[in-house]
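Please go through the structure shown below with me, one feature at a time.

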Amino acid sequence: MSAEDVRAGGGPARPAPDAPAAPRYTVQRLTSPGDVPPEVWDALTPADDPMWARGVFAAMERSAIGPDGYACLLVRRDGHPCAVLPLSAVSGLQLERVVGPRERRLLAPVARRLPRLTRVPMLFCGNFLGQGHVAGEGPLPAPVATALVREVLDFARGHRLGTVVFKDFAPEELDALRPALDDAGFFTAAGLPDTELTLGHRDFEEYLGSLPAKPRRNARSKIRKFRAHQGLRIEVLAEFGPLVPAMMELYQQVMDRADQTLDVLDEAFVRALADTGDVDQRLVACFDGDRLVGYLHCLFRGRGAVGTRIGLDYRLAHRARLYHNLHYAAIELAISRGCRHIRFAQTAYEPKREFGCELVEQSYAITHTRRLPRAVLRLLLPRALEAAREQALAPKS
């Protein structure tokens with residue numbers, strides 16, 4: 001555990017006799033987000049973002065979803081906690097799992113013959129599973145942001161994590177950190193946007209009525225096609241422990257078809273979410289008789305909701321329109337709970353636009369602790385990420 005002391009004014013000059021003293025900031029390294037006291041975590045993290053619930057981070061640490069280790073930087077102003085930045089360390093990220101289809105084909109022979117060349121040690125700053133933030137009371141003064149970024153890089157060097165990524169930050173949040181990031185050699189690149197549906201409807205029918213004519217007709221058609229399949233039903237479950245093995249089988253079907261798999265949730269993660277007691281969750285589950293054939297796992301916090309992961313039985317998913325109807329049921333559930341918005345994953349943008357979702361822009365800030373790899377990343381990575389983004393957002397024929 002370490003701490004760095006910095007004055008907000010950034011210099012050693014003493015204040016005038018009658019002037020208030022500049023705030024004193026410290027940046028402390030904790031071994032886990034769980035070391036942040038619960039009341040501090042709840043006060044600093046986004047109140048309406050379920051992915052920032054304390055229990056989500058606890059579940060990450062109890063599972064094997066990608067990172068090998070975790071830490072957290074806690075910023076204090078005059079001893080008072082004012083910001084937190086979680087860190088996730090991945091000792092050997094498999095490049096072929098996070099690039100687009102074209103790049104994956106190029107990497108496949110290398111991954112088979114020389115797998116160590118496609119394993120990259122990385123440090124992710126922010127939320128490994130959700131939108132990134134330096135979560136706190138507001139933008140940090142420039143010298144404090146500089147100290148925070150310096151602590152991030154010291155952690156990366158100390159743990160031999162060459163590549164450092166501020167992951168999925170809103171562009172305006174990176175702008176607030178930009179002087180510190182620029183001075184440390186970071187560059188920015190566009191990431192895949194989130195999808196968010198703004199709510200506020202009285203009920204699901206009012207939501208449907210708010211859609212433009214064509215998406216509204218399509219929604220009603222898909223609902224009719226689902227209902228035409230005798231034996232199919234959708235239930236909302238608060239307790240679903242016995243279903244977890246079946247959920248994992250359906251989730252794997254989706255992952256087998258995914259273009260990118262930075263994080264793959266496991267059974268331990270799903271079970272740990274329930275065990276923490278800190279996560280408000282529901283399973284929107286579709287059954288064919290007694291058999292689970294689809295689900296959308298939904299989390300809630302404050303006035304926000306998120307559909308975290310989906311599982312589908314592709315033997316009937318397309319003809320029964322399972323994907324759409326699970327999302328419609330999640331939207332109806334969020335409306336009934338008074339949510340202001342619901343977010344969905346960074347995939348399948350075309351149907352989510354049809355649901356009425358808006359794109360939430362997100363960016364990466366990236367560097368390497370060594371100069372030559374940093375230059376190579378700066379040359380190649382922004383173009384590769386932009387190509388992957390264009391491919392993901394392009395209308396499907």
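Q: Which residue follows H5, and is its phi positive or negative?
A: Gly185 follows H5, and its phi is positive, near 90°. Helices and strands here are DSSP runs, numbered from the N terminus: a helix is H or I with at least four residues, a strand is E with at least two. This is a predicted model, in which local features need pLDDT of at least 70 and side-chain atom pairs count only at pLDDT 80 or more, while totals for chains, interfaces and linings use all residues. Residues are numbered from 1 along each chain as its sequence is written, and side-chain values use heavy atoms, with hydrogens and water left out.

Q: How many helices and strands does the chain have?
A: There are twelve helices and 16 strands. Of the 397 residues, 51% count as buried (buried means under 20% relative accessible area, exposed over 50%, partly exposed in between, with a 1.4 Å probe and protein chains only).

Q: What span should the 13 residues of H5 have at 1.5 Å a residue?
A: The expected span of a helix is 1.5 Å times one less than its number of residues. For H5 (residues 171–183) that gives 18 Å, which agrees with the 18 Å between its end C-alpha atoms.

Q: Which elements are included in what covers the buried residues of H5?
A: The cover includes helix H4 (142–158) and strands S7 (163–169), S8 (187–190) and S16 (363–368). In H5, Leu174, Leu177, Ala180 and Leu181 are buried.

Q: Why is H10 described as largely enclosed by the rest of the structure?
A: H10 is largely enclosed because 13 of its 15 residues are buried. This helix, residues 322–336, reaches 21 Å from its first C-alpha to its last, close to the 21 Å expected. Gly338, with a positive phi near 75°, follows H10.

Q: In which sense do S2 and S3 pair, parallel or antiparallel?
A: Two strands pair if DSSP finds at least two bridges between them. S2 and S3 (residues 69–77) pair in the antiparallel sense over six bridges, and the bridge partner of Arg29 in S3 is Leu73. S2 (residues 24–30) is mostly covered, with five of its seven residues buried.

Q: With which residue does Arg157 form a salt bridge?
A: Side chains of opposite charge can pair when their charged atoms come close. A salt bridge is a side-chain nitrogen of Lys or Arg within 4 Å of a carboxyl oxygen of Asp or Glu. Arg157 forms one with Asp154, the closest N and O atoms being 3.7 Å apart. Both residues lie in H4, three residues apart, about one turn of the helix. Arg157 is partly exposed at 45% relative accessibility, as is Asp154 at 36%. The structure holds 21 salt bridges, and Asp288, Arg291, Asp313 and Arg315 are linked in a network of them.

How values were computed:
Contact means heavy atoms within 4.5 Å.
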